[in-house]
Amino acid sequence: MPREAELSNIERTFILEALAQNIRLDGRARDDFRNLDVSFGDDYGACAVQLGKTKVNTRISAEVTKPFEERKFDGIFTITTELSPLASPAFETGRQTEQEVIVSRILEKAIRRSNAIDTESLCIIAGAKCWSIRADVHVLDYDGGLVDASCISIIAALQHFRRPDVSIDGENVTIYSLAEREPVPLSLMHHPICITFSFYHGGETVLLDATLHEEQARDGEMIVTMNRHGELCQIAKLGGVSVDALILLGCMNMTVTKVKDITELISTKLREDATHRDVGGLIAELSAQNDR
Amino acid sequence: MGISILPPSDSDDDLGSGSPGSPSPSPHDSSSDTSMPDAASTSSSRRPGAGKRPKLSSSQRRRNRILVPGETITDEAQWMRGHGTFSAAAPSSSHASASAGATITATLPGPLHTTNKLLSITPLRSRYHPSIGDLVLGRIVSVDRARWRVDIAAPLLAQLPLSSINLPGGVLRRRTTADELQMRTYFQEGDLLVAEVQGVGNSDGVATLHTRSLRYGKLRNGVFVRVMGEGRGVGVVRGRRQVFTVATVAGSGSGSGSGEVDVALGVNGYCWVSRHVDPEADALEKEKAGKAKMAGAGSRVGMSISNLDELVSNEIYSSQNDEIDYRTRKEIARLCTCITLLADAALKIDEDTVIKAYSAAVEAEMEMMVDEDDEDAVAAAAAAGVDRKSELKKRIVQAVVGGG
Amino acid sequence: MPLDTASTYGQTLLRTDGRRWNELRRISASISTQPSTDGSSQFVMGNTVVVCNIVGPREGRGQRDTNNALIETEVTVAPFAQTDRRRRTKGDKRVQELQTTISSAFQAHLFTHLYPRSSITISLHVLSLDGALLASCLNAASLALVDAGVPMPSILAAVTSGVITSTDGITPSDPILDLNNSEELELPFLSVGTVSGLSEHQEDKVSVLIMESRIQIGQNGKKLEAMLAVGVDGCKQVRTIMGEVVRTHGTRILRGRK
């Protein structure tokens, strides 16, 4: 079984001592995110997120299927995460590692269970036909912050995605191709964003967006998911070092501002992409005038 | 000042009289401790005056009080922390807690022991922690290169180096690769053995065993019993004699077999009850048989003292059980039950208690014996089967407790 | 009128099972329930029953960290634990998350450095489940580890706490302690596990904190703060009860020895 190369003792001590002096290896402040870049592909629903050296690609796809028997009025939304050996030699195809289970479980709780997608809107004919939306998350490069980056990429991709329009005529369902009718965006209830906090020095030092090395040296972590309205979607402090409750509450408050920043960044990027796509539209004409 | 380890009930008295170095050795201290019911009240009233150990004097000093992990023992600086305790001064926050004083908290459940100024807790129950000189029983788990790995119920497997066993024939020589290749002829996986702890690793506490004595080695002709080990007051206690022979009732009867049973109590809680083996008598018997055989084959082999030695030694790695007659087997079973019964009753297990329990069991059985011919009595005994068992148990426990 | 806590509480200030907001369910526990293992416990919290066995510290199998003991956890939820008979498979992600959480919490909490190269296996069996799955498992494991004589700085105690959000704006939003299954389905709740602070002057520290439902954190996180405060306080109560269980057991053992 391949495993991540363990941090050497000297590296660990160095990271911890530097942190004690309030210095991070890459010179960031404790509550700084790494450089976050969100870009979209040519197709709808393809999104690449780069967080420092971590790269995550998400692809949304939609197909028409039969809804689950016990949930006749709901569409289906699934998230699959794939940690392939492409990202890190520690990842293996096939067998799910504990880390992979936790990542997918947290994304599931953060996005699916918090009802980010209005699954009822995915229903076409109750009990017979519905949309099944699938988010495939591929980690291309791994340098820590997996949950944060994956969550951002799924949320951005969901906002970017357009599903084909359908019309219902009695029992007949017509699905229009992208050329025939303008595809419709998904109906999202809110945009949850995950923020991971890493704890050091027995919970006294808190870091945001740890790199892989920092992750390996940490004593514990907490993943908080929130949307920009300040609604908590989930908290996951799965063991690890015990931390003062007040510090944890401080983390929650810090999350509020961070989530706002990230949501803002995603919508800026989405607007840019929309402008870019709208060649030949009204906006393109306006810009042509400006050029003159 | 010598260090003395005292049982928990005496710990308080020891503090009053046994630490002349302390600032105010009040003579009142030791005398008031004898009256236990009002100990709490006297101690609390004494607190301002004595000033020697305010925290320890109130609730913790109560007789045999069980401490729970996380419970504060004391926050006075004069005490030293021992096994089962923990000082709050964590490495990361040592500067912060320096002002708060070194609070000593318990990390194990159990009564507090005070040895002069050293505070320690012996847990109610824990795995066996090997220490040098312990007689232990073990089970071979694997055969490695030039050593065996032995399960002795400790956190880690013990090791038995090839160089620490007696070779058959009593030869003393360097162990060669040829010996390494035939290690399985001495001990195989699953074999039971009795050995002594020769050393304990400094860093990890791995025990190294040796069997370099005729008393140690492979076990056979008996039954394995597992109880709780390491003298915590319960289970097997480190005692003067861990291996002893019990003269059972089997011997008094027909005379087939000596009727003696060997009991080996390992400090780790593993015990072995087996037919008594008298090495010399046994060897002579074997020799006779061997001679007869050889005579039958028509060869002439001289018998010498060295030859005898060899025969004895070859026997020690045999895995073949000898014939054991029914009566001895019954007594072996009775002894095994006595040992488990002692463990269940949370009594200590040593030579004394085992023999007491055994004789009580025999006696009780004699008394309760039912005349097999009397059908009514047999039926009544069958009906009262459970009662009889518990009655038997009660008697045995009483005999041991009362005597001790 | 639907019989649920959210609607009855506004009128009576009592929950459906008659408890007040800060009342725990009845807790009973015992340790050394299974003499054949190194440590064992049974923990009952209301209608939730969890049995825990500890094996170890014993020789670890090819682990990397040679300086510490490795904590492994196995959780089995009996098919008959809940009203609907359901078999949870080994690969259930929820159970796996539970196992990871329990291992990780004790890995950081216990003095594992005292047992190099060894492993401690916690096996938990949930016999009956009426809410507080994680909390009961943590408590049972804690007690069993105490019984096994594994050194730890304090007893890790866990509890759930939730919040009743007022619907009419008149009644206040109250935090509640120790939810049962129907309350868990209905209200947002936290699972909190805490350990005592290092000294008496320090507050308890939070080791496990899990929330799976969506709530408004309220102004400056007031709602969350209230839930957390109630949870931490509840853990303190549970810890006292657990300490008493250990003490009673120990006293009985000592009495037997004389």
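Student: What conventions apply to the numbering and the model?
Tutor: Residues are numbered from 1 along each chain as its sequence is written, and chains are lettered from A and ligands numbered from 1 in the order in which they are written. The model is predicted: local features need pLDDT of at least 70, side-chain atom pairs count only at pLDDT 80 or more, and totals for chains, interfaces and linings use all residues.

Student: How many helices and strands are in chain A?
Tutor: Chain A has six helices and 15 strands. Helices (H or I, at least four residues) and strands (E, at least two) are DSSP runs, numbered from the N terminus.

Student: What share of chain A counts as buried?
Tutor: Of the 292 residues, 40% do. Buried means 20 or more other C-beta atoms within 10 Å of the residue's own (exposed: 12 or fewer; partly exposed: in between), with C-beta atoms placed from the backbone.

Student: What makes H2(C) oblique to H3(C)?
Tutor: Helix H2 (residues 93-109) of chain C and helix H3 (residues 133-147) of chain C pack at about 40 degrees, with axes 11 Å apart. Axes are lines fitted to C-alpha atoms, for helices over the stretch in contact, and angles run from 0 to 180 degrees between N-to-C directions. Under 35 degrees is roughly parallel, over 145 roughly antiparallel, 65 to 115 roughly perpendicular, and the rest oblique. Therefore H2(C) is oblique to H3(C).

Student: Which classes of residue make up that contact?
Tutor: Nine nonpolar, one polar and no charged residues. Nonpolar covers Ala, Val, Leu, Ile, Met, Phe, Trp, Tyr, Cys and Pro; charged covers Asp, Glu, Lys and Arg; the others, Gly among them, are polar. Leu98(C) and Phe106(C) are among the H2(C) residues there, and Leu134(C) is among those of H3(C).

Student: How many residues does the contact between chain A and chain C take?
Tutor: 32 from chain A and 32 from chain C. Contact means C-beta atoms, placed from the backbone, within 7 Å. On the chain A side, E14(A) gives the most, with seven residues. That side divides into 14 nonpolar, nine polar and nine charged.

Terms used
Two residues are in contact if their C-beta atoms, placed from the backbone, lie within 7 Å.
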